[in-house]
Structures are given as C-alpha cells and as structure tokens.
Amino acid sequence: HARRMRLHRGRRRRGERSVRILLSAKEIDRFVHRGYLDENSRDDDVAVRDALEWCVLDALFEPATSNAN
C-alpha cells in the first residue's frame with residue numbers, strides 16, 4: 001500500500017494522470033497493423049499499454065500540418 005501511494009504522489013507532482021480504458025480486439029489489431037505492437041504480444045497487457053502510449057505520443061507530437069500556401 002505504501003509503495004502505491006508513493007507512486008501516486010510522484011505522478012501527481014509531475015502532473016501525470018493514470019487512466020483505465022477498454023480496447024476492442026479490432027483496436028488492438030490496429031496497433032499491430034500500424035507497427036506499435038508485435039503480433040505475438042497482443043495478449044500481453046504491458047505490451048498493449050506501451051503500444052497505446054506510443055500511439056498517443058506520436059499523435060500528440062507529430063509535426064503540425066499547414067493548410068496555408
């Protein structure tokens with residue numbers, strides 16, 4: 001319990017938030033298709049979590065596209 005509270009306080013200090021989401025098999029298939037997840041790791045919760053994290057980071061930090069000419 002003490003370790004979990006230390007981790008929680010550390011995340012809060014850093015401005016991080018932990019969220020829980022449900023992913024369908026189809027969404028996990030997309031991680032595999034896009035190269036974020038190895039086919040053999042689709043049942044590995046840690047690997048799926050990491051794939052989701054990389055996907056989100058790529059989406060947030062990809063170069064902005066401009067419509068201006």
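**Entry 1: H2 and its packing**

I began with helix H2 and found that its buried residues pack against H3, where contact means heavy atoms within 4.5 Å. The model is predicted: local features need pLDDT of at least 70, side-chain atom pairs count only at pLDDT 80 or more, and totals for chains, interfaces and linings use all residues. Residues are numbered from 1 along each chain as its sequence is written, and side-chain values use heavy atoms, with hydrogens and water left out.

I then asked which residues of H2 (residues 25-33) are buried. They are Ile28, Phe31 and Val32; buried means under 20% relative accessible area, exposed over 50%, and partly exposed in between, with a 1.4 Å probe and protein chains only. These residues lie on the same side of H2, because they cover an arc of only 100° around the axis. The arc is that of the directions from the helix axis to the C-beta atoms. On the face of H2 turned away from its buried side I noted the exposed residues Lys26 and His33. After H2 comes Gly35, and its phi is positive, near 90°.

**Entry 2: The chain as a whole**

I counted three helices and zero strands in the chain. Helices (H or I, at least four residues) and strands (E, at least two) are DSSP runs, numbered from the N terminus. Along the sequence, the pattern reads α-α-α. The chain has 69 residues, of which 13% count as buried.

**Entry 3: H1**

The 12 residues of H1 (residues 2-13) should span 16 Å at 1.5 Å a residue, and the end C-alpha atoms are 17 Å apart, which agrees. Just after H1, I noted a positive phi of about 75° at Gly15.

**Entry 4: H3**

I made the length check on H3 as well: its 17 residues reach 24 Å from first C-alpha to last, close to the 24 Å expected at 1.5 Å a residue. Which residues of H3 are buried? I found Ala47, Val48, Ala51 and Cys55. Seen down the axis of H3, the buried residues fall within an arc of 100°, so they line one face of the helix. They pack against H2. The face of H3 turned away from its buried side carries Asp45, Leu60 and Phe61, which are exposed.

I looked up two further residues of H3. Glu53 is found in this helix and is partly exposed, with a relative accessible area of 47%. Glu53 and Tyr36 are 17 residues apart in sequence and 9.3 Å apart in space, C-alpha to C-alpha. Arg49 also lies in H3 and is partly exposed, with a relative accessible area of 48%. The C-alpha atoms of Arg49 and Leu37 are separated by 9.6 Å, and the two residues are 12 apart along the chain.

**Entry 5: The largest pocket**

How much space lies in the largest pocket? I recorded about 840 Å³. A pocket is an open set of points on a 1 Å grid over the protein atoms alone, where a 1.4 Å probe fits, with protein on both sides within 12 Å along at least five of seven lines; lining residues have an atom within 4 Å of a point. Of the 20 lining residues, Val19, Arg20, Ile21, Arg49 and Leu52 are the closest to the centre of the pocket. Helix H3 (residues 45-61) gives the largest share of the lining, seven residues.

Conventions
Expected span 1.5 Å × (residues − 1). Points joined across faces, edges and corners; volume = space filled by probe spheres on them.
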